[in-house]
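Reader: Can you take me through this one? I would like to start with the cores and then go on to helix packing and a few loop residues.

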Amino acid sequence: HVLVNTPNSHKVLVLEPDPLMLLACLGQTDYRPFLDIKKLFFLPPDQNMLVDAVRQAELQFLFGQINLRLDKPSQQASPEYSRWGRLARETLENFSVELATLRLRQDIMVGNELGNFQRAMADGGIDDLEGSAQGLTAVILGAGPSLGRFGPELAANPGNVLYATALQTLPAVQAVGLTPHFAMAIDYSDGMLAVFDRLDRQWASTIPLLYSTKLKPEVLARYPGPTIPFWTMGGLGTFVFKDRHKVVDAGGNVSVTLLRFLAWCGARRVFLAGQDFAWKGEATHAAGHHASGDDHRIVTTHGVTLKNATGETIHSTLSYVTALRDMEKDIRELGLEVFNLYGDGAVITGSTPMDVAEARNLSLLESAPGAMERFVQTLERAHSPLPTPRFQSRSGQWGASLRAVVKRLKRLFKHPERNRKEIVGVFQQVHAFLRQDPLYLPYLYNEIMDVAGLLHKGRSFDPRLLVDLKAILKRVQTKVRHVDQCLGASGERVAA
């Protein structure tokens, strides 16, 4: 029904978890005509391949529509169908959030990277921290309501363990009497500036801040303590520094990033405290956090309802649920011992729930002798300047090439229908040209997608198409000049 009632340009992906059922369906219907024109695709029940398939539908997310259709009789017949239906929905939701963030904020994120570039080179990097936490037990302090319960217990006897938290959680951590060994910041938004309304600058002046280079430069400038940068995926790090420096898959939640970072550093076990990913009652965050005064009624009205370990209704948000899924996936794959100081929030599958007293009785809140000192010393050395790579300016060459393209298209658009095939070819060449240089590629993401969108929408080839393209290419030239300026591009190019 779906195949015959949709245009051939529409793609249909089928995930059938039962191989016998798939074989029976293939035996009853000849799908070869749809396979030949690449309209129909069959996916095996493999989560990684499902994620890859969804990610390849980038243009459909941005310029079209994606429909998920679940067969109700099958959903009722077998739990496997329900499980894969849920996984498909979660994968689509996660990528939708990720892509919406990328599309709307890519210019901001990469713009921040460019603004931080010179400082990041002077601040050092995390490369030497790989494996430095061998034998170490770490506690990731979140800003969930349960931090108010477990924080004072940990502060009364911190033990020989590493404490790490988010920059925005520092005031809440101080409020429960703890001082972390370092903080981390990955949020690129202006909202991070609100942290400084509550941050005790003198107290924070000795706490190292590990920051994503996508952090807003104004936030970085206001932090009073030592700062150590790291590059994250999706920006200059992915395309320029991946063979030179560690590039972190940060995700969208700093606690997820901290878990991945500590695993990379070699920590042997991690405790989660204040990692509720949800709330009940009126408190959405621990006291001291800049969002602790948010109106829970507004958040709850537009949020997600979950059940905690005792079956109580708790409230969350799509971004929290996405982060929860990411953390659960990481716990499965990273090979870490993960314990959750559980405070009636969302259940974190794969972690072991317990309280502080039980953890101490089992001697779990301890590190191997010398492990803490080794990590702290390596962390201190990480705040050392790195050689700044040199890049050759390309803005002049780009400007000349793009002006030549516009001139050629003006000639072709005098007879658009007659020259349709050649116009499409030129647009494809422009799309390839914009993707050619890894130095500029992250900052040109939106323009690259806009050029692809002009073709994907299938609009008639009238002069308005050229007007739109000229506007896109004008933004491209402005951005290329900005990249050259921020990176100090001149002289001979150094391979990155």
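Reader: What should I know about the source first?

Author: This is a predicted model, in which local features need pLDDT of at least 70 and side-chain atom pairs count only at pLDDT 80 or more, while totals for chains, interfaces and linings use all residues. Residues are numbered from 1 along each chain as its sequence is written, and side-chain values use heavy atoms, with hydrogens and water left out.

Reader: How many residues are in the largest nonpolar core?

Author: It has 58 residues, and those with the most contacts inside it are Leu167, Tyr223, Leu409 and Val476. A nonpolar core here is a set of buried Ala, Val, Leu, Ile, Met, Phe, Trp, Tyr and Cys residues joined through side-chain atoms within 4.5 Å. Buried means under 20% relative accessible area, exposed over 50%, and partly exposed in between, with a 1.4 Å probe and protein chains only.

Reader: Which helix gives the largest share of this core?

Author: Helix H20, residues 463-486, with nine residues. Helices (H or I, at least four residues) and strands (E, at least two) are DSSP runs, numbered from the N terminus.

Reader: And what does Val476 touch?

Author: Leaving out residues up to four places away in sequence, Val476 touches Trp398, Leu402, Leu434, Leu444 and Glu447. Contact means heavy atoms within 4.5 Å. Another core lies apart from the largest one; it has 44 residues, and Leu136, Phe182, Ile228 and Val256 are among them.

Reader: On to helix packing. At what angle do H17 and H18 cross?

Author: At roughly 165 degrees, and the axes of H17 (residues 395-412) and H18 (residues 420-434) come within 10 Å. Axes are lines fitted to C-alpha atoms, for helices over the stretch in contact, and angles run from 0 to 180 degrees between N-to-C directions. H17 is therefore roughly antiparallel to H18. Angles under 35 degrees count as roughly parallel, over 145 as roughly antiparallel, 65 to 115 as roughly perpendicular and the rest as oblique.

Reader: Which residues make that contact?

Author: On H17 they include Trp398, Leu402 and Leu409, and on H18 they include Phe427, Phe433 and Leu434.

Reader: What about H12 and H14, at what angle do they pack?

Author: About 15 degrees, with the axes of H12 (residues 254-265) and H14 (residues 318-334) 9 Å apart. The two are therefore roughly parallel to each other. Among the residues that meet are Val256 and Leu259 in H12, and Met327 and Ile331 in H14.

Reader: Now the loops. Where is Leu365?

Author: Leu365 sits in the loop between helix H15 (356-361) and helix H16 (371-382). Its relative accessible area is 8%, so Leu365 is buried. Beyond four places in sequence, the residues that Leu365 touches include Val139, Leu154 and Phe271. Leu365 and Leu136 are 229 residues apart in sequence and 9.7 Å apart in space, C-alpha to C-alpha.

Reader: Is Lys38 buried or exposed?

Author: Lys38 is exposed, with a relative accessible area of 55%, and is found in the loop between helix H2 (32-36) and strand S2 (40-43).

Reader: And Phe277, buried or exposed?

Author: Phe277 is buried, at 8% relative accessible area. Its loop runs between strand S9 (269-273) and helix H13 (296-301).
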